[in-house]
Amino acid sequence: MIINNDTIIKDNDPIIRTKSLPVQLPLSKEDEQLMIDMYNYVKESTDPELAEKKNLRPAVGISAIQVGIPKQMTAIICSDIDKYDNEVTYEYCLVNPKIVSSSIEQSYLKSGEGCLSVEAEHEGYIYRSARIKVKAYDYLTKKEVTIRAHGYLAIVLQHEIDHFSGTLFYDHINSEDPFIKLDNAIEI
């Protein structure tokens, strides 16, 4: 499947609000190819030369519904700082990811969030759990995984998992006060 800025479903298309269904394991050849294509999109989108050549917008994640397939599958490649202040790159191709626990403490991206399916600017803070635990099947390692995430990775995971319920990041922005500051929320 060719995935580029022209084939990604945008937020003016009702398909993006479709609920995604769990995926049967082991993956079918078709689902394996979809996962590979989504992973390659995210990986190639951060290479300026490839991105221009293939019409890719930079991304840290993409979910299957964004290419019109309502399945609980997402590919994520993002860098963050670990507890020792080292830069770490996380790479996942998750099938049926579920948030099994989350902190009461909130966090948000100071710069706001973006999405391949959203071309218009939506300013405001999106508050999400500061720490989460996700269980899923990871296609890259070919096994069930438990991911304990905080910081940027936690936000990216929650953003992508939101796609499975048809939720977009701007649905979380307070419409009356988009930049309202929550007490004790962690700014990232």
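This is a predicted model: local features need pLDDT of at least 70, side-chain atom pairs count only at pLDDT 80 or more; totals for chains, interfaces and linings use all residues.
Residues are numbered from 1 along each chain as its sequence is written. Local features need pLDDT of at least 70 and side-chain atom pairs count only at pLDDT 80 or more, while totals for chains, interfaces and linings use all residues; side-chain values use heavy atoms, without hydrogens and water.

A pair of aromatic rings is described by the distance of the centres and the angle of the planes. The whole structure holds 5 aromatic pairs (rings of Phe, Tyr and Trp, the latter by its six-membered ring, with centres within 6.5 Å; planes under 30 degrees apart are stacked, over 60 edge-to-face, the rest tilted). One of them joins tyrosine 125 and phenylalanine 179, edge-to-face, at 5.2 Å centre to centre and 90° between the planes. Tyrosine 125 lies in the loop between strand S4 (106-108) and strand S5 (128-129), and phenylalanine 179, 54 residues apart from it, in the loop between helix H3 (151-163) and strand S8 (186-187). Helices (H or I, at least four residues) and strands (E, at least two) are DSSP runs, numbered from the N terminus. Tyrosine 125 counts as buried because its relative accessibility is 10%, whereas phenylalanine 179, at 42%, counts as partly exposed (buried is under 20% relative accessible area, exposed over 50%, partly exposed in between, with a 1.4 Å probe and protein chains only). Tyr108, Tyr125, Tyr127 and Phe179 make up one aromatic cluster.

Strands S5, S4 and S8 form an open sheet of 3 strands in the order S5-S4-S8, with mixed pairing (two strands pair if DSSP finds at least two bridges between them). S5 and S8 are the edge strands, each pairing on one side only. S4 and S5 run antiparallel and are joined by 2 bridges; glutamine 106 stands opposite serine 129 in S5.
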